[in-house]
Amino acid sequence: MKRSRVNEILTEGDAFIRSFGYVMPPFAYLSPEEMEARAADLTQIRERRLGWDVTDYGKGNFDSLGLFLFTVRNGDNADLASGRGMLYAEKIMISRRDQISPMHRHNIKAEDIINRGGGTLTLQLFSRAPDGGIDEEAPVSVFCDGIARTLAAGDKLRLTPGESVTLMPNHWHAFWGEGADVLIGEVSTVNDDVTDNIFREPIGRFSTIEEDEAPMHLLVSDYDRFFAREG
């Protein structure tokens with residue numbers, strides 16, 4: 001993706017989020033220069049990858065295969081190992097109309113996916129097979145706002161604004177906006193987008209950025225390179 005396109009998506013996404021009355025944390029609006037100047041204060045933001053995330057999954061067609069995310073808070077994998085401490089994470093996301101977030105699952109993370117407003121959030125669901133792949137036949141059991149639901153393999157679950165679904169590591173899922181763009185909330189156990197995304201197809205989690213202009217804000221995928229000189 002070109003950086004100029006990423007900057008456009010950040011501007012559009014921020015306006016869409018604000019239109020629902022959701023207020024982003026102050027660190028969302030730090031420039032790269034401000035983040036560099038305050039590097040010592042922002043260690044947790046960098047290490048836990050809080051912040052902006054725009055992905056086309058490495059396929060170069062964001063409008064049809066992509067997702068806009070902002071990680072608001074995130075715990076530490078070491079806390080998960082000990083079973084104590086900050087074991088949770090929160091994201092705000094935008095799934096555009098007919099824009100696919102591709103079929104995937106997690107090994108560790110459980111998550112509540114919440115339609116915060118806009119169109120219908122549609123999810124296609126499968127159960128995890130014993131070998132880790134997709135079970136094309138087994139029914140899928142989930143909880144929607146605390147109420148049990150059972151779907152046939154590959155069925156589509158549609159969430160209107162205010163509705164949510166709890167997905168466990170054994171749930172394969174893809175999702176997209178239907179009818180209009182959708183503002184999505186995610187509340188989960190500790191989030192690790194580097195190692196805990198298992199995709200059905202061999203795709204990447206992060207985009208390759210072509211630097212045709214300066215970044216408005218750093219993406220979480222920029223942090224390692226941008227702050228490498230600190231090491």
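**Entry 1: salt bridges**

I began with arginine 200, which is partly exposed in this predicted model, with a relative accessible area of 44%. I found its side chain meeting that of glutamate 201 in a salt bridge, 3.8 Å from N to O. Glutamate 201 also counts as partly exposed, at 47% relative accessibility.

I then noted a network in which salt bridges with shared partners join Arg5, Glu8, Glu12, Asp63 and Arg96. The count of salt bridges in the structure comes to 21.

I looked up the pair of arginine 73 and glutamate 90, whose side chains meet in a salt bridge at 2.5 Å, N to O. Arginine 73 belongs to strand β2 and glutamate 90 to strand β3, so this pair ties together parts that are 17 residues apart in sequence. I recorded arginine 73 as partly exposed, at 35% relative accessibility.

I turned next to lysine 109, which forms a salt bridge with glutamate 186, with the closest N and O atoms 2.9 Å apart. Lysine 109 lies in the loop between β4 and β5, and glutamate 186 in strand β11, so the pair ties together parts that are 77 residues apart in sequence. Is lysine 109 buried or exposed? I found that lysine 109 counts as buried, at 3% relative accessibility. Glutamate 186 is buried as well, with a relative accessible area of 5%.

**Entry 2: cavities**

I listed 18 residues in its lining, of which Leu67, Leu69, His104, His106 and Asn197 lie nearest the centre. Strands β2, β3, β4, β5 and β11 each supply at least two lining residues, and the largest share, three residues, comes from β11. By class, I recorded seven nonpolar, five polar and six charged residues in this lining.

The second largest cavity has a volume of about 40 Å³. I noted Phe27, Leu30, Met35, Trp52 and Tyr223 among the residues that line it. Its lining has seven nonpolar and two polar residues, and no charged residues.

**Entry 3: backbone angles**

I checked phi, bearing in mind that most residues other than glycine have a negative value. Tyrosine 57 has a positive phi, near 55 degrees. I located tyrosine 57 in the loop between β1 (51-55) and β2 (67-74), and recorded it as buried, with a relative accessible area of 4%. Aspartate 98 also has a positive phi, near 65 degrees. I placed aspartate 98 in the loop between β3 (88-95) and β4 (101-105).

Conventions:
Residues numbered from 1 in each chain as written. Predicted model: local features only at pLDDT ≥ 70, side-chain atom pairs only at ≥ 80, totals over all residues. Heavy atoms only, no water. Helix = DSSP H or I, 4+ residues; strand = E, 2+ residues; numbered from the N terminus. Buried < 20%, exposed > 50% of the residue type's maximum accessible area, 1.4 Å probe, protein only. 1 Å grid on protein atoms, 1.4 Å probe; cavity = no way out; pocket = protein on both sides within 12 Å on 5 of 7 lines; lining within 4 Å. Nonpolar A, V, L, I, M, F, W, Y, C, P; charged D, E, K, R; others polar. Points joined across faces, edges and corners; volume = space filled by probe spheres on them. Salt bridge = Lys/Arg side-chain N within 4 Å of Asp/Glu carboxyl O.
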